[in-house]
Amino acid sequence: MIAQEQIPAIVDHPVYDAQGKKIGDAKQVFLDDVSGRPEWVTVKTGLLGSSESFVPIKDASMVDDHLEVPYPKDRIKDAPHVDVDGGGHLSVREERRLYEYYGIAWDEAWQRANQPGEGGWAHGTAAASRRGDTEAGLDEGLRGTGGIEGRDMSRTDDAMTRSEEEMHVGTEQVETGHVRLRKYVVTEDVQQTVPVMHEEVRVEREPITEANRDPAMKGPEISEAEHEVTVYAERPVVETRAVPVERVSLRTDEVTEEETVTGRIRKERIDVETDVTGEADEGSERRDRTDEGRA
């Protein structure tokens, strides 16, 4: 259970769900008007924190520098939008809507609110139920702390405090897509020119001379004979071999770009209103008294 002393460590700090996913940053903690215990925390969700969702804080816990709640991120982001009045209070009607959304039994919540000695957790409905659940009681609820709406900073003694909101822009990591490598086989025709050799038969005739007479006179004078020559030729032979040519892998590089974010902030302005009569006469009277003193 979160105590009031832990509120400064919650506001403007990250909020994670039970699976370790960041939901957003805590902005306000709402206390019960009767018990003063923290009951709800608002979390900035959506793109650049464009919306604010209520989350029960009863079963939340502080882990290191962030708050961990037992609800999934998607359920918190889809929580119903509720109205908070100008005094920073969450009405019982709106609180009941939130209880129903998060599956918290309304009767069980009321019983726990009326049994603080047993470790129960009081909420805005406890005060309303003790008053008979009147319309006036239904307008009471939880008061917020941690944001401008949860504090009364209109006036302190004889001075007035002027406050304004500051816009804090952060970043969140979102999944934008997937890139994958896929290998497949294609067949294509290739051409390559190679030299090939072949033998051709050429008939040579030479006259009988003294040099070749003896070989020419061997054998019978008149006869039939055959002479055969084997002819050779080369032809292309194609074979394929798989050889590695390159390694392909995926790697991500971080690229930082400047992006302009537009938001709205509220600022308080203080005007000076004068409602004094007879000011000129009083000034003349003061000057006259001064002149008399000098005389």
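Is phenylalanine 30 buried or exposed? Select phenylalanine 30 and look: the residue is buried, with a relative accessible area of 1%. Keep in mind on this tour that the model is predicted.

**Stop 1**

Phenylalanine 30 and phenylalanine 54 form an aromatic pair. A pair of aromatic rings is described by the distance of the centres and the angle of the planes. Now colour strand S2 (residues 22-32) and strand S4 (residues 51-56). Phenylalanine 30 belongs to S2 and phenylalanine 54 to S4, so the pair ties together parts that are 24 residues apart in sequence. The structure holds five aromatic pairs.

**Stop 2: tryptophan 40 and its partners**

Move to tryptophan 40 and tyrosine 102. Both are buried. Their ring centres are 6.3 Å apart and their planes lie at 50°, so this pair is tilted. Tryptophan 40 sits in strand S3 (residues 38-45). Tyrosine 102 sits in the loop between helix H3 (92-101) and helix H4 (106-113). The two residues are 62 residues apart, and the pair links distant parts of the chain.

Together they form one aromatic cluster. Then show arginine 75. Arginine 75 lies over the face of tyrosine 101, 5.7 Å from the ring centre.

**Stop 3: helix H3**

Select Val92, Glu94, Glu95, Leu98 and Tyr99. In H3, these residues are buried. Turn the view to look down the axis of H3. The buried residues fall within an arc of 160°, so they line one face of the helix. Next comes glycine 103. This glycine follows H3 and has a positive phi, near 75°.

**Stop 4**

Most residues other than glycine have a negative phi. Which way does the phi of aspartate 12 go, positive or negative? Select aspartate 12 to check: its phi is positive, about 65°, although the residue is not a glycine. Aspartate 12 is placed in the loop between helix H1 (7-10) and strand S1 (14-16).

Jump to aspartate 64. Its phi is also positive, about 60°, and again the residue is not a glycine. Look for aspartate 64 in the loop between strand S5 (61-63) and strand S6 (66-68). Aspartate 64 counts as exposed, at 74% relative accessibility.

**Stop 4: histidine 66**

Step along to histidine 66, which lies in strand S6. Histidine 66 is buried, with a relative accessible area of 13%. Which distance separates histidine 66 from tyrosine 16 in space, C-alpha to C-alpha? Draw the line between the two C-alpha atoms: they are 7.2 Å apart, although the residues are 50 residues apart in sequence.

**Stop 5: the second largest pocket**

Finish at the second largest pocket, which contains about 900 Å³ of space. Select Thr171, Glu172, Gln173, Val174 and Val255. Of the 23 residues that line the pocket, these are the closest to its centre. What kinds of residues make up the lining of the second largest pocket? Colour the lining by type: eight residues are nonpolar, seven are polar and eight are charged.

Note on methods: Residues are numbered from 1 along each chain as its sequence is written. This is a predicted model: local features need pLDDT of at least 70, side-chain atom pairs count only at pLDDT 80 or more; totals for chains, interfaces and linings use all residues. Side-chain values use heavy atoms; hydrogens and water are left out. On a 1 Å grid over the protein atoms alone, a cavity is a set of points where a 1.4 Å probe fits but cannot get out, and a pocket is an open set with protein on both sides within 12 Å along at least five of seven lines; lining residues have an atom within 4 Å of a point. Grid points are joined across faces, edges and corners, and a volume is the space filled by probe spheres set on the points. Ala, Val, Leu, Ile, Met, Phe, Trp, Tyr, Cys and Pro count as nonpolar, Asp, Glu, Lys and Arg as charged, and the others, Gly among them, as polar. Rings of Phe, Tyr and Trp (its six-membered ring) pair if their centres lie within 6.5 Å; planes under 30 degrees apart count as stacked, over 60 as edge-to-face and the rest as tilted. Helices (H or I, at least four residues) and strands (E, at least two) are DSSP runs, numbered from the N terminus. Buried means under 20% relative accessible area, exposed over 50%, partly exposed in between (1.4 Å probe, protein chains only). A charge sits over a ring if NZ of Lys or CZ of Arg is within 6 Å of the ring centre and within 35 degrees of the ring normal. The arc is that of the directions from the helix axis to the C-beta atoms.
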